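Morning, everyone. Please look at the screen, and I'll walk you through one chain.

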Amino acid sequence: MSMACEAARCFSVVFQGTKSFRSAHVKDCAADPKAGLEFWKQIRPKLEQFDSATASWGGDWPKFLMNTYAAEDMEEKCPEYDSQGAMIEPNHFMLQVLRIPTKETLTLRELCQVALNLGQLSAHRDEFVGRHAEVFDMMMARSSACDFTQELDQICPPPGTAEALCRAMGQYGVGLTDHF
């Protein structure tokens, strides 16, 4: 197995794990809106150690995200906060998927943060209409690491990193044993 596959496995584990976690979380009417942040806090330390390895966002998909973010003024048209200052979670997740490739250097952590936000966003299809629904559908159709870069080998972690992420997510009841 190539190292690029380990980076892709990390992306997949975070996306599928977050999707599973978020689907269960959204169904719980008493769910804590900060649970997703706590979930990320379990994963992030496993990824930060690889921040010195960088690559370029590349291909048509990141270009589309960057263009959509800027040209369609998504910060304004998909507001992250309501008039009382409360976060609108589905909008936040969509904006993060648009923002990260636009504003951040590509590292394994940033790639997995995109996966995390895609996973969180996946539970909110019914929240979007019109152009935002179209963007949502395109995001869900482009949910693999190779959609974001052709340089996965430059940000590859050592073998076993994806399994370590699975163990960290296991603290939240997310089981992904079918990935290994």
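This is a predicted model: local features need pLDDT of at least 70, side-chain atom pairs count only at pLDDT 80 or more; totals for chains, interfaces and linings use all residues.

Now the overview. The protein chain has 8 helices and 0 strands. Read along the sequence, the pattern is α-α-α-α-α-α-α-α. The chain has 180 residues, and buried residues make up 47% of them. What about contacts? Take those between residues at least 6 apart in sequence. Of these, 75% join residues at least 24 apart.

Back to α6. How many of its 14 residues are buried? The count is 14 of the 14, so α6 is largely enclosed by the rest of the structure.

Next, a helix that packs against α6. That is α2, residues 35–48, while α6 covers residues 108–121. A word on how we talk about this. Two packed helices are described by the angle between their axes and the distance between the axes. For α2 and α6, the angle is about 155° and the axes are 10 Å apart. Angles over 145 degrees count as roughly antiparallel. So α2 and α6 are roughly antiparallel to each other. The crossing is right-handed.

Who meets whom? On the α2 side we have Gly36, Phe39, Trp40, Ile43, Arg44, Leu47 and Glu48. On the α6 side we have Leu108, Arg109, Cys112, Gln113, Leu116 and Gln120. By class, this contact has 7 nonpolar, 3 polar and 3 charged residues.

Let's zoom in on two of those residues. First, Trp40, in helix α2. Is Trp40 buried or exposed? Its relative accessible area is 5%, so Trp40 is buried. The cut-off for buried is under 20%. Leave out residues up to four places away in sequence, and Trp40 touches Pro45, Leu47, Arg109, Cys112, Gln113 and Leu116. Look at Gln113 in particular. Trp40 and Gln113 are 73 residues apart in sequence. In space, they are 8.3 Å apart, C-alpha to C-alpha.

Second, Arg109, in helix α6. Arg109 carries a charge class, as we count it. Its relative accessibility is 13%, so Arg109 counts as buried. Which residues does Arg109 contact, leaving aside neighbours within four places in sequence? They are Trp40, Arg44, Leu47, Glu48 and Asp51.

One more helix pair: α3 and α7. Helix α7 covers residues 130–141. The axes of α3 and α7 come within 12 Å and cross at roughly 160°. That makes α3 roughly antiparallel to α7. Is this crossing left-handed or right-handed? It is left-handed. Trp61, Phe64, Leu65 and Thr68 in α3 meet Arg131, Val135, Met138 and Met139 in α7. That contact divides into 6 nonpolar, 1 polar and 1 charged residues.

Finally, two loop residues. Start with Ala55, in the loop between α2 and α3. With 12% relative accessibility, Ala55 counts as buried. Which residue lies 94 places from Ala55 in sequence, yet 8.0 Å away in space, C-alpha to C-alpha? That residue is Thr149. Neighbours within four places aside, Ala55 is in contact with Leu106, Glu151, Gln154 and Ile155.

Then there is Asp73. It sits in the loop between α3 (60–71) and α4 (74–77). At 38% relative accessibility, Asp73 counts as partly exposed. Now check its backbone. Most residues other than glycine have a negative phi. Asp73 is not a glycine, but its phi is positive, at about 50°.

That's my tour. Thanks, and over to you.

Note on methods: Residues are numbered from 1 along each chain as its sequence is written. Side-chain values use heavy atoms; hydrogens and water are left out. Axes are lines fitted to C-alpha atoms, for helices over the stretch in contact, and angles run from 0 to 180 degrees between N-to-C directions. Helices (H or I, at least four residues) and strands (E, at least two) are DSSP runs, numbered from the N terminus. Angles under 35 degrees count as roughly parallel, over 145 as roughly antiparallel, 65 to 115 as roughly perpendicular and the rest as oblique. A crossing is left-handed if the near helix is turned anticlockwise from the far one by less than a right angle, and right-handed if clockwise. Contact means heavy atoms within 4.5 Å. Buried means under 20% relative accessible area, exposed over 50%, partly exposed in between (1.4 Å probe, protein chains only).
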